[in-house]
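Me: Please take a close look at one part of this model, the contact surface inside a single chain. Then set it beside the surface where the chains meet.

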There are 2 protein chains.
Amino acid sequence: MTNEIPYKIYLSEDELPKAYYNLRADMKNKPAPLLNPGTLQPMTLQELSTVFCEELAKQELDNDTKFIAIPDEVYDFYKMYRPSPLVRAYYLEKMLGTPAKIYYKFEGNNTSGSHKLNSAIAQAYYAKKQGLKGVTTETGAGQWGTALSMACSYFNLDCKVFMVKCSYEQKPFRREVMRVFGASITPSPSMETNIGRKINAEFPGTTGSLGCAISEAVEVAVSTEGYRYELGSVLNQVLLHQSVIGLETKTAMDKYGIKPDIIIGCAGGGSNLGGLIAPFMGEKLRGEADYRIIAVEPASCPSFTRGKFAYDFADTGKVCPMAKMYTLGSNFIPSANHAGGLRYHGMSTILSQLYHDGYMEATSAVQTDVFKAAIDFARVEGILPAPESSHAIKVAIDEALKCKETGEEKTILFGLTGTGNFDLYAYQSYNDGTMTDYIPTDEDLQRSFDTLPKI
Amino acid sequence: MTNEIPYKIYLSEDELPKAYYNLRADMKNKPAPLLNPGTLQPMTLQELSTVFCEELAKQELDNDTKFIAIPDEVYDFYKMYRPSPLVRAYYLEKMLGTPAKIYYKFEGNNTSGSHKLNSAIAQAYYAKKQGLKGVTTETGAGQWGTALSMACSYFNLDCKVFMVKCSYEQKPFRREVMRVFGASITPSPSMETNIGRKINAEFPGTTGSLGCAISEAVEVAVSTEGYRYELGSVLNQVLLHQSVIGLETKTAMDKYGIKPDIIIGCAGGGSNLGGLIAPFMGEKLRGEADYRIIAVEPASCPSFTRGKFAYDFADTGKVCPMAKMYTLGSNFIPSANHAGGLRYHGMSTILSQLYHDGYMEATSAVQTDVFKAAIDFARVEGILPAPESSHAIKVAIDEALKCKETGEEKTILFGLTGTGNFDLYAYQSYNDGTMTDYIPTDEDLQRSFDTLPKI
């Protein structure tokens with residue numbers, strides 16, 4: 001196979017972006033501010049700084065600064081595993097027999113196994129810079145917890161992870177990776193926090209939820225001297241850090257004169273999608289270019305496609321600021337048969353605003369279709385994808401097959417956020433034919449919408 | 001950190017080697033031929049071709065052709081995950097405070113998680129080219145089985161894997177990855193073969209061994225129309241394919257004017273070490289350069305450091321050709337507390353001859369030291385290494401610390417053969433403090449030496 005465009009486009013280290021791109025600076029309609037759940041007033045820097053490191057709180061509130069320099073220490077860490085490759089999916093195209101040209105940005109080539117490390121290292125750095133002793137966080141599928149453990153180990157910070165109990169039990173290996181990096185892992189709900197004890201008392205035997213683990217992590221952070229809380233998705237600061245994904249992608253594509261027609265990313269809290277699309281969406285907002293941008297979410301947790309655009313609580317314990325976002329209601333928990341991440345009830349306020357304003361589309365996929373796409377992809381492209389990433393694969397394949405019908409040579413870009421190396425339980429259930437699909441009924445959703453705050 | 005040498009040296013796709021380098025062509029003392037265990041005569045091409053694909057049998061016997069072209073189809077596959085990065089271990093150097101310059105060639109950035117894929121894809125290609133229906137193999141730790149499953153899936157070949165029973169049970173996730181790629185996995189010893197039934201009858205409840213799984217895989221290959229057997233290490237053909245590791249490393253180092261003083265690799269059957277050192281050893285054999293080359297093996301399976309250089313059986317069932325190699329005796333099985341691979345009783349005949357002739361050194365390490373090195377490495381370099389690879393890390397660290405004492409700025413190169421993402425059981429036992437070491441006594445070894453054939 002001889003082609004001008006290599007299978008993998010690797011940038012050199014000096015092509016790593018020097019600054020994060022803050023998409024909010026180019027948005028006419030800014031994302032709605034976080035509200036103090038007590039006063040219903042926008043959160044101030046001071047208030048946010050009791051939860052987050054001060055520098056991160058500033059980034060959270062900054063809707064105007066277009067570029068924010070990547071600190072040298074973070075840049076050095078990025079050089080361990082970045083720039084990540086932009087891969088031309090020649091073998092997938094061949095298998096599909098499509099005239100479409102498919103590219104994916106692969107973020108799985110690091111031990112945490114996903115893009116989460118991009119924000120984890122920045123967050124750990126700012127915590128260290130502020131002189132903190134450590135940070136707390138929660139993890140569901142385990143990607144974020146692993147990433148933050150690695151980052152904290154690098155900066156010699158203590159890292160306390162509340163891991164959703166069912167994942168703690170089902171994913172012992174994720175837990176062990178975090179222990180390798182020196183983190184302490186507590187199954188959530190635990191008996192170590194007020195909210196944990198309360199939930200355990202109310203729901204004996206519960207296997208936990210992301211919303212509950214967030215509440216526990218925040219409670220420990222705000223009540224422990226020298227600690228702050230860090231979160232791996234949803235927040236503006238996280239999308240800011242993840243812009244390195246999109247910036248690298250754009251640089252690599254520009255280098256070879258490639259312009260994507262369609263950009264596809266999976267969406268749980270929005271960190272990967274927001275990062276991948278950032279510079280492309282910026283061009284779109286500035287009227288310099290047009291792209292079709294598609295968010296793909298699980299049919300079992302369909303915030304964009306079936307949620308409400310409203311202020312909601314970010315966590316089960318209602319201790320976090322409230323956010324205006326597409327949401328299913330803060331007590332929504334995807335069915336137990338839902339594998340992998342993308343299980344948060346809400347969505348990034350930035351992406352919610354952009355979706356509301358018509359700058360992007362959203363669609364959903366059921367998980368057996370997603371795993372079928374994952375395995376088809378693995379067999380020809382040689383990478384076992386994360387269940388999360390496979391949502392994007394599924395829709396990329398669908399779009400490529402449409403091109404096959406119409407004969408259009410569209411260029412499709414999608415985000416391959418990570419590997420499925422720690423998701424073999426889910427693959428096993430697919431291999432065994434025991435995996436099932438779940439789509440919440442309208443009644444299910446109505447029950448959780450009823451818990452939305454009336455503001 | 002600004003340095004002329006980047007953190008990761010990536011070659012471009014057109015710098016991928018076009019041909020394998022056959023180290024045997026530069027050896028004055030050729031490796032001893034494989035013998036037919038019945039006649040004790042050297043195996044002929046015809047005899048070997050009943051077990052291996054014909055082209056691979058030819059490669060096995062070819063001591064003279066210096067370069068063997070990489071087939072286009074294999075080259076295309078390599079472009080999925082090669083060239084692999086040569087990494088400058090800046091952070092490890094900093095942690096150690098050593099003046100040494102440390103480099104590692106990282107082979108773990110593919111779903112099989114190790115260098116084994118380099119030979120698997122070549123072997124699958126030759127099987128396909130010969131018009132075979134499928135291949136059989138064995139796997140212990142699971143790296144080779146995963147690699148061959150991926151390779152067979154790519155060429156649409158059936159792949160039957162006999163997996164050592166204790167690994168089958170302890171590493172369900174490796175098994176699931178193989179199933180994703182369409183392979184069928186049988187725990188060994190099984191009831192599907194004569195040798196399996198015999199071993200099960202003799203040793204009820206046995207958890208199997210690599211030597212036994214090899215016998216089963218060979219039995220099925222030679223008795224099934226359209227099938228051949230493939231092996232992931234030890235053989236001359238495998239070292240030939242693995243020369244891509246060393247060739248890329250040499251190209252990358254030459255590009256930046258780097259010359260290693262010490263080259264370190266872990267050694268089980270010898271595939272990674274033989275591949276990594278190939279072009280360097282070639283220069284050494286031709287008298288063009290000198291390098292210190294160190295093989296590192298587990299103290300629990302010390303073929304080089306405590307074995308005999310003698311003809312021995314390659315498998316428990318004694319159905320395979322006999323090889324002259326450093327061996328512990330074909331009935332040697334490392335203690336059950338030995339984690340990871342590097343558990344084969346023998347060693348590549350090529351490396352055995354080179355070691356015997358004084359061209360390389362060997363040393364051994366106990367596993368708790370190895371895991372300590374692994375975790376130290378992971379925390380600064382951000383890669384969770386395979387237990388196998390960590391043997392090389394351990395000795396690289398030791399050598400770097402010697403440089404710290406003497407102030408010498410030596411350049412150390414080691415092979416990081418893969419990731420430990422599927423070895424978390426072993427990491428867990430280290431994290432829990434329950435991992436123990438095992439060093440066979442002289443009496444243990446003598447008992448297995450007594451089974452060496454008297455020829």
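Reply: Across the interface of domain 1 of chain A and domain 2 of chain A, 18 residue pairs are in polar contact, both at pLDDT 80 or more. A polar contact here is a pair of N or O atoms within 3.5 Å; within protein, one must be able to donate a hydrogen and the other to accept it, and residues adjacent in sequence count only if both atoms are side-chain atoms. The largest share comes from α12(A), with seven residues. Helices (H or I, at least four residues) and strands (E, at least two) are DSSP runs, numbered from the N terminus. By class, this side of domain 1 of chain A has 23 nonpolar, 16 polar and 10 charged residues. Ala, Val, Leu, Ile, Met, Phe, Trp, Tyr, Cys and Pro count as nonpolar, Asp, Glu, Lys and Arg as charged, and the others, Gly among them, as polar.

The model is predicted: local features need pLDDT of at least 70, side-chain atom pairs count only at pLDDT 80 or more, and totals for chains, interfaces and linings use all residues. Residues are numbered from 1 along each chain as its sequence is written, chains are lettered from A and ligands numbered from 1 in the order in which they are written, and side-chain values use heavy atoms, with hydrogens and water left out.

Now the two domains themselves. Domain 1 of chain A covers 8-15 + 80-113 + 242-449, and domain 2 covers 19-69 + 115-229. These bounds come from an automatic or database domain assignment. The C-alpha centres of the two domains of chain A lie 22 Å apart. In contact are 49 residues of domain 1 of chain A and 45 residues of domain 2 of chain A; contact means heavy atoms within 4.5 Å. The two domains of chain A bury about 3900 Å² between them, 66% of it on carbon and sulfur atoms. S112(A), P321(A) and F422(A) supply 16% of the area that domain 1 of chain A buries against domain 2, more than any other three residues. Buried area is the accessible area (1.4 Å probe) that two parts lose on being put together, summed over both.

Charge also crosses this interface. The rule finds two salt bridges between domain 1 and domain 2 of chain A. The side chains of R286(A) and D26(A) meet in a salt bridge at 2.8 Å, N to O. The term needs a side-chain nitrogen of Lys or Arg within 4 Å of a carboxyl oxygen of Asp or Glu.

Next, the surface between the chains. 43 residues of chain A are in contact with 43 residues of chain B. The area buried between chain A and chain B is about 4100 Å², with 54% from carbon and sulfur atoms. Two salt bridges cross the interface of chain A and chain B. R179(A) and D432(B) form a salt bridge through their side chains (2.8 Å, N to O). Polar contacts link 23 residue pairs across the chain A and chain B interface, both at pLDDT 80 or more. On the chain A side, α3, α6 (143-155), α8 (172-180), α15 (367-381) and α17 (424-431) each supply at least two residues. Of these, α8(A) gives the most, with six residues. By class, the side of chain A that touches chain B has 24 nonpolar, eight polar and 11 charged residues.

A rotation of 180° with 0.0 Å of shift along its axis superposes chain A on chain B, RMSD 0.0 Å. The two copies are thus related as by a two-fold rotation axis. In chain A, the C-alpha nearest the axis is that of N109(A), 3.1 Å from it. Copies are superposed by least squares on the C-alpha atoms of residues with pLDDT of at least 70 in both. 100% of the interface residues of chain A are also interface residues in chain B, so the copies meet through the same surface.
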